[in-house]
Amino acid sequence: MGWVNRRRDHGDLIFLDVRDRTGITQVVVDKSESGDSLSKAEAARPEFVVAAIGTVRRRGEGLSNPNMPTGDIEVVCRDLLLLNDAKTPPFSPAEDAIGNEELRLQYRYIDLRRPEMQANFLTRHKVAQAVRAQLSSEGFLEIETPFMTRSTPEGARDYLVPSRVHPGNFYALPQSPQIFKQILMVGGFDRYFQIARCFRDEDLRADRQPEFTQIDLEVTFPTQEIIFGVAERFLKAAFEAAGQQIHTPFLRMTYDGAITRYGIDKPDMRLPHMADLTTVLTPELRSTLRIEQELPVYGFVIPKVGELSGTARKALLGEIRAFFGESGLDILDLARLRTADQFRPLAEEIAAHLNAIQVAFSGDNLTADDLAVVITPKLGTPALWNFDRQWIPKRVGALRLELAKKYADKHGLFVKKGTPDDYKFLWVTDFPMYEFNEERKTWDAAHHPFTSPHEEDIQSGALYNDKGAVRALAYDVVLNGLELGSGSIRIHRKDVQAEIFRSLGMSDEEARERFGFFLEALEYGTPPHGGIALGLDRIVMLLAGATSLREVIAFPKTAKAVDLMVDAPSLPTDQQMRELHLRTTVRT
């Protein structure tokens, strides 16, 4: 039973390829057997729903199809039932590629019939089951938390739900179960997890959706090591369920180390890190080369780009300068330095530093196929450096990734080889507790306001006097340059939590109004606790080899947060608006 994938009329025989979730089976209708089944087979068209009753037999010699799991057999039909007909669909599930994504989303029920989509959701199911089994085996309880709650400060806009019975009041859909899972720890459930639906009203990208699913967990009396071990074990189980192996334990790196070495807080470890070449250039050389004194100089290597022609190299230099624009950063042309006698030693020393990084990364020396780039701050580099000491490495790191995407992909640097080395996991730790909002001239929580600062930064007074120096007990797990999830050790003392709220510009009265229940809970023997949340959608996207979350979410939204299949969002009726005591100023 299933859908007609293809129908082929071969004179004496009619072949129907019948498709269901498990694959395709060939059904043969012999025209010599006249009757009702023959007329139905002649009437059948793609996407008709049929049931074929008959005998399974091996195909004749030389007629097997090695590209099909069922390619050695067929069903000789004696009775064919047409269970439902079908209009000609806007595209066929039998097509290998369908370019119009909006059409696919509008007719999602047809798109989901495609074998690629069926495989994606089988992978998703296996991953979710493996995570549940692993966490359950370690004593975690799966507990559901509310969808209708109140707004909490988590960095994105909330989706609001008006209350009919409390006119003028609104629930908020949760951006995460953060408060509730911490309350569960206060309540004595020492190991909680949930595969949780979350909602964020934010601008969308390929790896973002307004509603998404995360693997959420929390434990009492934790250390970072405990959280890391739990996450590594369930990720290992999840990847094995999808037929992939990964290396554990994962590498570790502090936030400052990641910025200094990679220019980004989610490094792609498939690329060699940057080289700090600041001390290589003497003040005299900086002056001669018109490089700002004392500011850092960074270089990096993109392996296996291929030897560039003079024209291609000139175009590359133009691209790099255009990337930096008026930022005050520029490229130091090693090739030109090597042609000048007085600069040749400098060029060779810089090349030696980059070569050392390349050797450490791959074991191979630099060759003409490797792209080596050195970025310097020009005289008059913007004063932004004076405010953000990580501004230059961040900008250079962004260029490094841009060039890697453009050049390295062409030469297979990121092509999977079917080994655990395809997946480069990393823990990034010790994030800043605060980020300065230049526009509002205030400090914002870099992670969320329930994250605990380092105890040393509380004892030293930095929490109260030097917010830019405060480190959070926060950590991210990163895979191949993509953040899979974030977590932290939480605040379990009321005095510290109240101080964090104050530091974010929240008055004590506002904190009591918004979080009075939570602050009070912290007074009733709250144990130390911490946890993490990882994006299930992102994990499955990577395992499926997809480029968008929409490929692994059954009913996703477009980049404009629209569900094309059901035409949502939509206007409420006048009666609904009256019942909710709402009016809108938007005219349609």
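Colleague: At what angle do the axes of helix 4 and helix 18 cross?

Modeller: First a word on the source: this is a predicted model, where local features need pLDDT of at least 70, side-chain atom pairs count only at pLDDT 80 or more, and totals for chains, interfaces and linings use all residues. Residues are numbered from 1 along each chain as its sequence is written, and side-chain values use heavy atoms, with hydrogens and water left out. Now your angle: helix 4 (residues 115-137) and helix 18 (residues 536-544) cross at roughly 125 degrees, and their axes come within 10 Å. Axes are lines fitted to C-alpha atoms, for helices over the stretch in contact, and angles run from 0 to 180 degrees between N-to-C directions. Helices (H or I, at least four residues) and strands (E, at least two) are DSSP runs, numbered from the N terminus.

Colleague: And which residues of helix 4 and helix 18 meet there?

Modeller: From helix 4, Asn120, Thr123, Arg124 and Val127 meet Leu536, Asp537, Ile539, Val540, Leu543 and Ala544 of helix 18; contact means heavy atoms within 4.5 Å. Those residues divide into 6 nonpolar, 2 polar and 2 charged (Ala, Val, Leu, Ile, Met, Phe, Trp, Tyr, Cys and Pro count as nonpolar, Asp, Glu, Lys and Arg as charged, and the others, Gly among them, as polar).

Colleague: Switching to sheets, what is the strand order in the open sheet of 4 strands?

Modeller: The order is 12-13-15-14, with antiparallel pairing; two strands pair if DSSP finds at least two bridges between them. Strand 12 (275-276) and strand 14 (329-331) are the edges, each pairing on one side only. Helix 9 (residues 310-324) packs on this sheet, touching strand 14 and strand 15 (371-377), and its direction makes about 175 degrees with that of strand 14.

Colleague: How many bridges join strand 12 to strand 13?

Modeller: Strand 12 and strand 13 (residues 298-302) pair antiparallel over 2 bridges. Alanine 275 stands opposite glycine 299 in strand 13.

Colleague: What about strand 4 and strand 5, how many bridges there?

Modeller: Strand 4 and strand 5 (residues 73-84) run antiparallel and are joined by 10 bridges.

Colleague: Last one: is threonine 558 buried or exposed?

Modeller: Threonine 558 is buried, with a relative accessible area of 10% (buried means under 20%, exposed over 50%, partly exposed in between, with a 1.4 Å probe and protein chains only). Threonine 558 sits in the loop between helix 18 and helix 19 (574-579).
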